[in-house]
Amino acid sequence: MTTCKAGVMPLASQQHPQAHVDIYEKQPVPFGLVRFGVAPDHPEVKNVINTFTQTAHSGRCAFWGNVEVGRDVTVPELREAYHAVVLSYGAEDHRALEIPGEELPGVCSARAFVGWYNGLPENRELEPDLCCDTAVILGQGNVALDVARILLTPPEHLEALLLCQRTDITKAALGVLRQSRVKTVWLVGRRGPLQVAFTIKELREMIQLPGARPILDPADFLGLQDKIKEVPRPRKRLTELLLRTATEKPGPEEAARRASASRAWGLRFFRSPQQVLPSPDGRRAAGVRLAVTRLEGVGEATRAVPTGDMEDLPCGLVLSSVGYKSRPVDPSVPFDSELGVIPNVEGRVMDVPGLYCSGWVKRGPTGVIATTMTDSFLTGQMLLQDLKAGLLPSGPRPGYAAIQALLSSRGVRPVSFSDWEKLDAEEVARGQGTGKPREKLVDPQEMLRLLGH
């Protein structure tokens, strides 16, 4: 038997006809990053939930939500109950900026902002103040572009998404965004156009965003045409799109669209945050002090170094999107605090036989859903290899029966997949009243009350 937390590992049950997989999840609801991380205007990306649901309906797979590994049950207790344990709990923390002023009101992580509009319970009371004209996002990855797009999407466009049931953004977030006064969003990066971390799909969406125009400085792209000849094709296509947007005169239709746009977004390259500047009364963020940088090195070794010049960028909202990091889950599990990962070799946790890891906690917070699924399959293959080689315990293990007794004695009420389907039906019913595919439940206590727990 095998168990994993906050991740589905169908490979083991598919390729081993006797395997049973129990999934333990901290939240009362399944689907993790797909539910709480994917942008609410990208419903097509969430179709992977259908695959996860098919797996959960298997007689050899069980979901147990509302169980926090490391608090409600320890990893040694899981290892005692199962033949193998797979840790797949992702990166649930953000990397701090570690600059003065980071603690000011008006500064928050992009991770928390995404959690807020996606209904992550721990972020439901964030209440971001969107009464300012300008927002600065520190970072140039897909999450940064998602946040910028949500901030700049016109209210009438959000309403249109509602009418065609194409968004599951929370009611509270929608209310705040309707009243938003944000007109300009800057996305700041330490390096240049060749080093941006976002992908072409997200960039294209930003360029075509209704009611918004791009602001790119052609000087940032000087000499880039020759440099992109040697880069891999995906990077080349991405940079060519940036280059065209920055340097080519748009056609009449696009020029008219940009001229009529009431909102704008821009990429500020070669800038590194040094300080969040306070308002005159010191009560909230009023800007970001940036060090101007230049690039040294080539290829993957390219790094940004300060030139000595500084500039201030006024704003009323600062969102940090400089990366995620995993947390240690249990004292018994080795953890590399510097890299934010569980030390492992191809998914096998070092020096702990029968313990495995997959996803961001295995290799760091990089890649999209598809790459994370592929990574999970690789860990599953390692587990099956070890099973075949006789490296896992051979005798019977009690599995969930033992864990259920422990949880019961500790007053923990797990949420089954059939319980989730009741919550799912409730969310869908609430969404029908407003034309949404669902209205997410965001309070775990309310979820448990609805289930009679």
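Author: On a 1 Å grid over the protein atoms alone, a pocket is an open set of points where a 1.4 Å probe fits, with protein on both sides within 12 Å along at least five of seven lines; lining residues have an atom within 4 Å of a point. The model is predicted, so local features need pLDDT of at least 70 and side-chain atom pairs pLDDT 80 or more, while totals for chains, interfaces and linings use all residues. Residues are numbered from 1 along each chain, and side-chain values use heavy atoms, without hydrogens and water.

Reader: How much space lies in the second largest pocket?

Author: Lys46, Ile49, Asp168, Pro437 and Arg438 are the closest to its centre among 20 lining residues. The volume, the space filled by probe spheres set on the joined grid points, is about 410 Å³.

Reader: Which helix gives the most to the lining of the second largest pocket?

Author: Helix 3 (48-56) and helix 16 (417-432), both DSSP runs (H or I, at least four residues), each supply at least two lining residues. With four residues, the largest contribution comes from helix 16.

Reader: Are helix 9 and helix 11 roughly parallel or roughly antiparallel to each other?

Author: The axes (lines fitted to C-alpha atoms over the stretch in contact) of helix 9 (residues 200-207) and helix 11 (residues 233-247) come within 10 Å and cross at roughly 20 degrees. Ile200, Leu203, Arg204 and Ile207 of helix 9 meet Arg237, Leu238, Leu241, Leu242 and Thr245 of helix 11, contact meaning heavy atoms within 4.5 Å. Angles under 35 degrees count as roughly parallel and over 145 as roughly antiparallel; helix 9 and helix 11 are therefore roughly parallel.

How values were computed:
Axes are lines fitted to C-alpha atoms, for helices over the stretch in contact, and angles run from 0 to 180 degrees between N-to-C directions. Angles under 35 degrees count as roughly parallel, over 145 as roughly antiparallel, 65 to 115 as roughly perpendicular and the rest as oblique.
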